[in-house]
Amino acid sequence: MSLPARSKQRIYPDFDRYYSQCLPGSTPTSTTSSSTTTTTSSPIPSGGLPFLGGVNIAGYDFTVSTDGSFKGTGVDPPVSQFAHFASQGVNIFRIPFAWQLMTPTVGGTIDSSFFSRYDTTVQAALNSATKPYVILDLHNYARWNGAIISQGGPTDTQFSSLWSQLAAKYKSNPKIIFGIMNEPHDLSSVSTWVASVQAAVNAIRAAGATSQYILIPGSSWSSAQALPTEAGPALAQVTDPAGGTSKLIFDVHKYLDSDNSGTHADCTTSNVDVLATLNTWLKANGNRQAILSETGGGNTQSCYDNLKAELAYVKANSANLAGFCVWSAGSFDTTYVLTVTPNADGTDQPLWVQA
């Protein structure tokens, strides 16, 4: 079903802007309590990811709208945050970026000036104490300026061109993870989208990046709840030219507020029921892995409890639920409703500490 758009406010010292992130998922939100139910985790699939826990470092995605349009220059996130979080054991960072910043012309070459900014941030993350994985996250909702990839918008060749170029730049670093698209939604054809995913995977491998993991997203805002019954069965058929499927990781999101939008300070679900269903599906479909690359809540007791329960379930089932990235730190102000940006004095937000 179609759901209304919404925005997440981002506050800067000198001005206010609005930033569009995910919308509510297209499937009903679970209202489970903050249960601590766990299951026995099976061994990590051969060649799969180890358990990863981390955070989104936003900024280069600011002003990307959910229709894939973009106006702005992005905001370089503070690189000091990588050392801060790594000192606490964080071993994965997700760094979103606007497509239009990376290639100002659709299908064109990477802008060297922006890439220099972005790569400086990526290298700071890679060089932090835990030697973490870093997700390069294309944050455009399967769109370029309102038009869906291969469904009236950019061709698969134009989409793949971006990933071919990025893969060539990072092919020697196995700690890079290619997050090929943030939150595809309202697609005319899921099967056409899956073909676009396959094209991107093929381009990455053809560019020589054969050791890296690739995140493959479904539909309905990368919904963890929708994946098993909606895009998942088709996405499970995507092949890896490098061999096997262990390096193709399902990319899922799930927030904890009443409409799964990530816009409210209070949380109403731990998502344990949703994740248990997903975990069962992953095991039944080739013992695959998924990563919860966006989740989060406000700095309230309901979110402390529910996020803690959610992440405990992920950790207990990490063979198939390979990890998580909390939304979000980076260039978000500490007043943002879902902020986990450290305070100026170096202390952390209560949600980060409690959950």
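## The largest pocket

By class, the residues around the largest pocket split into 10 nonpolar, five polar and one charged; here Ala, Val, Leu, Ile, Met, Phe, Trp, Tyr, Cys and Pro count as nonpolar, Asp, Glu, Lys and Arg as charged, and the others, Gly among them, as polar. This is a predicted model, where local features need pLDDT of at least 70 and side-chain atom pairs count only at pLDDT 80 or more, while totals for chains, interfaces and linings use all residues. Numbering runs from 1 along each chain as its sequence is written, and side-chain values use heavy atoms, with hydrogens and water left out.

The pocket holds about 240 Å³ of space. Of its 16 lining residues, Gly 53, Gly 54, Lys 315, Phe 324 and Trp 352 sit closest to the centre. Strand E3 (52–58), helix H8 (301–316), strand E12 (321–330) and helix H9 (350–354) are the elements that each give two or more residues to the lining. As for terms, a pocket is an open set of points on a 1 Å grid over the protein atoms alone, with protein on both sides within 12 Å along at least five of seven lines, whereas a cavity is a set where a 1.4 Å probe fits but cannot get out; lining residues have an atom within 4 Å of a point. Points are joined across faces, edges and corners, and a volume is the space filled by probe spheres set on them. Helices (H or I, at least four residues) and strands (E, at least two) are DSSP runs, numbered from the N terminus.

Buried means under 20% relative accessible area, exposed over 50%, and partly exposed in between (1.4 Å probe, protein chains only).

## One disulfide

The model has one disulfide, a term that covers a pair of cysteine sulfur atoms within 2.5 Å. Cys 267 and Cys 303 form the bond, with their sulfur atoms 2.0 Å apart. The link is right-handed, with 95° about the S-S bond. It ties together distant parts of the chain, 36 residues apart: Cys 267 is in the loop between strand E10 (248–253) and helix H7 (272–284), and Cys 303 is in helix H8.

Cys 267 is buried at 7% relative accessible area, and Cys 303 is buried too, at 0%. As for Cys 325, this residue is also buried, with a relative accessible area of 0%.

What does the inside look like? Nonpolar side chains tend to be buried together in soluble globular proteins. The largest nonpolar core here has 84 residues, and those touching the most other members are Phe 97, Tyr 118, Leu 136, Phe 159, Trp 163, Phe 178 and Leu 278. Apart from it lies another core, of 12 residues, including Leu 49, Leu 52, Tyr 133 and Ile 249. A nonpolar core means a set of buried Ala, Val, Leu, Ile, Met, Phe, Trp, Tyr and Cys residues joined through side-chain atoms within 4.5 Å.

Most residues other than glycine have a negative phi, and most peptide bonds are trans. Trp 327 and Ser 328, though, are joined by a cis peptide bond, with omega about -5°. Ser 328 is part of strand E12.

Asn 271 lies in the loop between E10 and H7 and is buried at 0% relative accessibility. Asn 287 is in the loop between H7 and E11 and is partly exposed, at 27% relative accessible area.
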